[in-house]
Amino acid sequence: MGCLVLTITLFSVFKRIETFPMQMEDNSGTEVSIALSEIIKSLKPIQLAILRKPRLPFNSSVEEDKEIDDDLYSDNNEKHVNDFIYQLHKLYFKSVVFYDVELFFQYIESSIIGSIESTNLVFCKPQDLMDRIYERKLAHRLSLFIFYWGAKYPPKRSDVQFSEPLRAVVVTRPRNQAFRIYYNQAVSNNNGQLSLVSWYDGENLGLSKEPLLPVASSVYANFHGRVFRVPVFHSPPWFWVNYKNDTHDKGSQLEYDNHENRRREESLEFQEVQVIGGRDHRLLELLAEHMNFEYVYVEAPGRTQGSLRTDNEDNETFTGGIGLLQNGLADFFLGDVSLSWERRKVVEFSFFTLADSGAFATHAPRRLNEALAILRPFKADVWPYLILTIIFSGPVFYFIIAIPFKWHAKNGVNKQPQFYMAYIREITHVECRVDGNQQGTQKQVAQIPKNLFDKCLWFTVHLFLKQSCKELSSSYRAKFLTIVYWIAGTYVLADVYSAQLTSLFARPAREPPINTLTKLQKAMLEDGYQLFVEKESSSLEMLENGTEIFRQLYALMKLQSPLEDGYLIESVEAGIHLVADGQGNKVVLGGRETLYFNIKQYGSKNFQLSQKLYTRYSAVAVQIGCPFLDSLNDVLMHLFEGGILDKMTTAEYEIQSRFLNKDKAYKMTPQMIDENDDLDNAAEDSSNSKGETLKSSGANEVKKPQDGSAIIQPLNLRMLQGAFIVLMVGYTLAAAVLLIEIFTYGLTCNINKKCKKFINKKFKWLKNKLWLLITNLVREMIR
């Protein structure tokens with residue numbers, strides 16, 4: 001009996017020992033599922049994507065895969081993954097499970113494009129996916145990757161780098177009922193090191209703290225002296241760059257731990273430059289002070305913002321400073337960096353630092369030729385009507401005077417009764433003639449005066465020219481019309497014309513300004529204006545990718561030069577210098593603020609700035625998925641709301657203007673100053689008479705500020721040259737008419753003499769013939 005009890009007891013013990021691994025396995029799977037569920041719950045994700053371990057590793061061998069101690073990797077333990085998903089769905093989270101890695105990546109890409117935060121749980125080693133994540137540009141602040149593969153310790157730093165902008169969480173299981181959570185963005189130094197941020201105790205404590213991960217706005221509020229690389233090029237007033245290499249720069253402090261970036265840096269040579277001022281330089285100093293970071297300036301490749309190299313949407317690369325950001329070789333990019341659709345595909349932009357607009361600048365409207373000043377009081381469409389009015393005024397006056405004579409002649413005035421004569425005398429011209437045979441007897445006859453039409457023409461001309469003239473008729477109709485003509489000619493035409501002409505003499509007329517795109521297009525077609533734009537700038541992108549008139553202007557701009565890129569300039573400052581040279585009609589397209597500042601260097605009165613063509617915003621460009629973009633936006637919004645950005649822009653304009661004027665005044669020699677004085681005194685007597693706009697030097701601007709009163713000038717004989725030209729033309733025409741009359745009169749006299757002589761000769765010959773004929777007939781009859 002005792003042996004039977006012992007046998008039963010041993011059998012039960014062995015049975016328990018046999019089922020113990022299965023219980024441990026079940027408890028282990030449930031433990032992992034509950035821990036991961038609690039971790040996901042603390043993150044409060046909007047959506048969750050789960051990637052189960054693929055059937056084949058991505059970059060690891062089969063031998064390496066067997067070394068992983070992960071209960072969830074075994075095909076026998078797939079039910080534990082299902083248990084985790086079951087636990088997760090009890091928390092009512094929106095989730096999706098992927099077995100295909102490509103579909104998993106496409107899901108993340110669509111979330112990033114839609115600006116949707118996504119939390120991604122991956123049941124495999126980070127090394128298997130890291131290269132493809134960077135290659136597909138899925139490292140973004142909106143995507144959080146949580147890696148769990150059952151490891152006891154996080155991966156070594158030499159094995160994998162969790163560099164920005166990747167957000168990665170690694171969950172390890174050092175022992176049963178214990179999980180550790182590591183995060184790569186717990187500090188702001190970007191060294192790719194994982195930091196322990198929390199842990200999970202499955203027995204009784206749960207998560208050590210919530211929220212589970214530190215907030216990015218608090219992490220990146222202070223960079224603790226982190227050094228950023230900022231590409232820059234000379235672009236006043238945003239940056240004033242000295243391209244001489246300075247050995248005392250901070251370039252030696254740069255440390256990049258990303259091996260990929262190091263390999264790229266080895267193939268590129270960056271030249272550090274010195275920035276001596278500029279509005280965005282002041283802004284960067286303010287940001288560095290507020291966020292506690294340092295920076296070093298490097299020369300942007302090509303000294304440009306950057307442009308698209310290829311139109312291939314699958315592989316869009318940029319040059320210049322944008323290209324450095326795209327390749328991860330720079331951190332910030334400032335300097336009137338405008339937003340565009342093409343740039344937003346490869347970089348991200350902060351809150352705008354400048355609300356600007358597109359515009360173009362050309363030379364100031366030149367003074368028109370003063371010889372034609374006498375024609376400018378009235379517009380070109382007024383002169384035809386005025387001339388027609390003067391021409392038809394004479395015939396109308398003749399018709400008013402002559403029609404009563406023709407009416408009375410037709411109806412018989414002398415047969416009217418005597419009581420009509422008083423009225424007829426008032427409305428008609430009556431002449432009294434004394435018959436030679438009956439003296440003292442007067443006979444009233446209504447007759448049109450001789451040469452009345454010619455007299456009416458000259459009478460109206462005298463009235464419109466405000467000349468004295470004799471009354472042609474005493475009738476009330478003629479007097480009324482004379483008064484109307486006199487008022488129209490004296491007060492309406494003559495006085496208005498005189499007033500306008502005097503004002504034009506005091507303030508000389510200039511060309512109509514070119515301030516719209518339509519006028520610019522017309523000027524390029526008809527007047528040969530040439531349009532220039534800064535290479536690899538947002539203005540060039542607007543012309544290339546714009547619609548309607550922008551495309552038309554771009555086509556005209558490409559045809560204006562035989563060179564392929566003859567319309568491109570290094571900077572807006574170089575374009576303003578071309579316009580200031582005055583050689584040909586040139587136009588520069590760019591940002592209105594940049595144009596305005598560079599115009600002030602050469603004198604604002606020498607340029608014409610167009611209207612606002614389109615709205616453009618400038619911002620700080622950063623890498624795609626930049627983790628500290630929200631912190632940067634927060635600082636920029638506070639600066640904008642406080643009016644500090646506008647104040648900085650205005651102050652920088654004043655500082656740089658004073659700097660430029662002092663620098664130019666220092667470089668002026670006494671001889672140059674004397675020449676400028678002579679040039680200023682002879683400004684309106686020499687260059688302006690040729691229709692040119694005088695360029696004032698910086699020294700003259702300091703000594704004698706330009707204002708609107710300097711445009712008003714006293715009258716001189718040069719302004720009245722048009723009247724003398726008209727007088728000379730009149731003398732010439734009068735002399736020509738006189739010569740024509742003399743020639744015509746002499747020719748007429750000669751013809752008359754010859755005709756008379758010929759007729760007399762023929763008449764005598766005919767007379768002689770007739771006389772001989774008659775004589776012969778008489779003789780025949782006598783015989």
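The entries below follow that order.

I worked from a predicted model, in which local features need pLDDT of at least 70, side-chain atom pairs count only at pLDDT 80 or more, and totals for chains, interfaces and linings use all residues. Residues are numbered from 1 along each chain as its sequence is written, and side-chain values use heavy atoms, with hydrogens and water left out.

I searched the whole structure for salt bridges (a side-chain nitrogen of Lys or Arg within 4 Å of a carboxyl oxygen of Asp or Glu) and found 14.

I looked up R136 and E102, whose side chains form a salt bridge at 3.1 Å, N to O. R136 lies in the loop between helix 5 (126-135) and strand 4 (143-147) and E102 in helix 4 (residues 101-113), so the pair ties together parts 34 residues apart in sequence; helices (H or I, at least four residues) and strands (E, at least two) are DSSP runs, numbered from the N terminus. I noted that E102, E109, R132 and R136 are linked in a network of salt bridges.

I then turned to E541 and R343, which meet in a salt bridge at 3.5 Å, N to O. This pair links distant parts of the chain, with E541 in helix 16 (residues 538-545) and R343 in helix 10 (residues 341-344), 198 residues apart. R343 is buried at 0% relative accessible area, and E541 counts as buried at 9% (buried is under 20%, exposed over 50%, partly exposed in between; 1.4 Å probe, protein chains only).

I last checked for disulfides (pairs of cysteine sulfur atoms within 2.5 Å) and counted zero; C456 is buried at 0% and C626 at 4%.
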